[in-house]
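Could you walk me through a few helices and loops in this one?

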Amino acid sequence: RLSSKFNQIGIKHLQNNNLEKAQLNFKHSLLLNPNNSSVLNNLGFVYVRLGEIELARKNFQKAKLMGDLSGCNNEAYLDIKEKKFDKAADKLRFCLLQIKETGSEFGQYAILKNLGWALLEKSGSVKHKKVNYNEAVEILETAILLEPGQGAANCLLAKALEAQNLLEEAIIEWEYCYYNARNYIPEEVQWRNEAIIRLKENQYNIP
């Protein structure tokens, strides 16, 4: 279908950071099929990159109301970016309960990854208290078991292990992060750059 073709072209432009072309193709796709929640999510991420957070949230919420749990996950992603870690974690726990009944393993992975991220950032923001990273570590390890080749959860797990001074375990995860993090997701690019620093500090021979 033509709507699907516009969506696929839009995804390629988004991955190449051609945001105007991505936005145009996703909008064309929605004109042909307004009820395509996947396209709403994709357009939402264009708005994230453009800094139009309220428009992004509006698209994610529309997708969620259509029953697409990616919209739920993506809305929580915005909460993490806005440092609303408790709000994000509560939302993600709800998403997780829903997707375990109906969703894919990749969908579960994406929610678990973001939940681990929210808990990690929450732990890192606690001042003058004994910080417990164990829940974040457990959730990220579960995510990796579901989708071992994705990379982002490894990056976050490396950070959590490092925060606990488990440096030997952390460096293994940094290596997975380096090889598997996606080069078109801004935070994953940042985490991969952190991985390069850690690996070079430990005399890893990386390309």
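Predicted model: local features only at pLDDT ≥ 70, side-chain atom pairs only at ≥ 80, totals over all residues.

Reader: Okay, helix 1: which residues sit on the face turned away from its buried side?
Author: Helices here are DSSP runs of H or I with at least four residues, numbered from the N terminus, and helix 1 covers residues 2-15. Its buried residues (under 20% relative accessible area; exposed is over 50%, partly exposed in between, with a 1.4 Å probe and protein chains only) are Ser3, Asn7, Gly10, His13 and Leu14. Seen down the axis, they fall within an arc of 125° (taken from the directions from the helix axis to the C-beta atoms), so they line one face of the helix. The face turned away from that buried side carries exposed Leu2, Lys5 and Lys12.

Reader: And what do the buried residues of helix 1 pack against? Which residues does Asn7 touch?
Author: The buried residues of helix 1 pack against helix 2 (19-32) and helix 3, where contact means heavy atoms within 4.5 Å. Asn7 counts as buried because its relative accessibility is 8%. Leaving out residues up to four places away in sequence, Asn7 touches Phe26, Ser29, Val39 and Asn42.

Reader: What is the phi of Asn17, and where does Asn17 sit?
Author: Asn17 follows helix 1 and lies in the loop between helix 1 and helix 2. With a relative accessible area of 48%, Asn17 is partly exposed. Although Asn17 is not a glycine, its phi is positive, at about 65°.

Reader: How do helix 3 and helix 5 pack: roughly parallel or roughly antiparallel?
Author: Helix 3 (residues 37-50) and helix 5 (residues 69-81) have axes 10 Å apart, at an angle of about 10°. Axes are lines fitted to C-alpha atoms over the stretch in contact, with angles from 0 to 180 degrees between N-to-C directions. Under 35 degrees counts as roughly parallel, over 145 as roughly antiparallel, 65 to 115 as roughly perpendicular and the rest as oblique. That makes this pair roughly parallel.

Reader: Which residues of helix 5 make that contact?
Author: From helix 3 come Asn41, Phe45 and Val48.

Reader: How many residues of helix 9 are buried, and what covers them?
Author: Helix 9 (residues 152-163) has 12 residues and reaches 17 Å from its first C-alpha to its last, close to the expected 16 Å, that is, 1.5 Å times one less than its number of residues. Helix 9 is mostly covered, with nine of its 12 residues buried, including Cys155, Leu156 and Leu157. What covers these buried residues includes helix 7 (105-125), helix 8 (134-146), helix 10 (167-180) and helix 11 (186-201).

Reader: Last one: is Gln203 buried or exposed, and what is its relative accessible area?
Author: Gln203 is found in the segment after helix 11. Its phi is positive, about 60°, although Gln203 is not a glycine. Gln203 is exposed, with a relative accessible area of 67%.

Methods: Residues numbered from 1 in each chain as written. Heavy atoms only, no water. Helix = DSSP H or I, 4+ residues; strand = E, 2+ residues; numbered from the N terminus.
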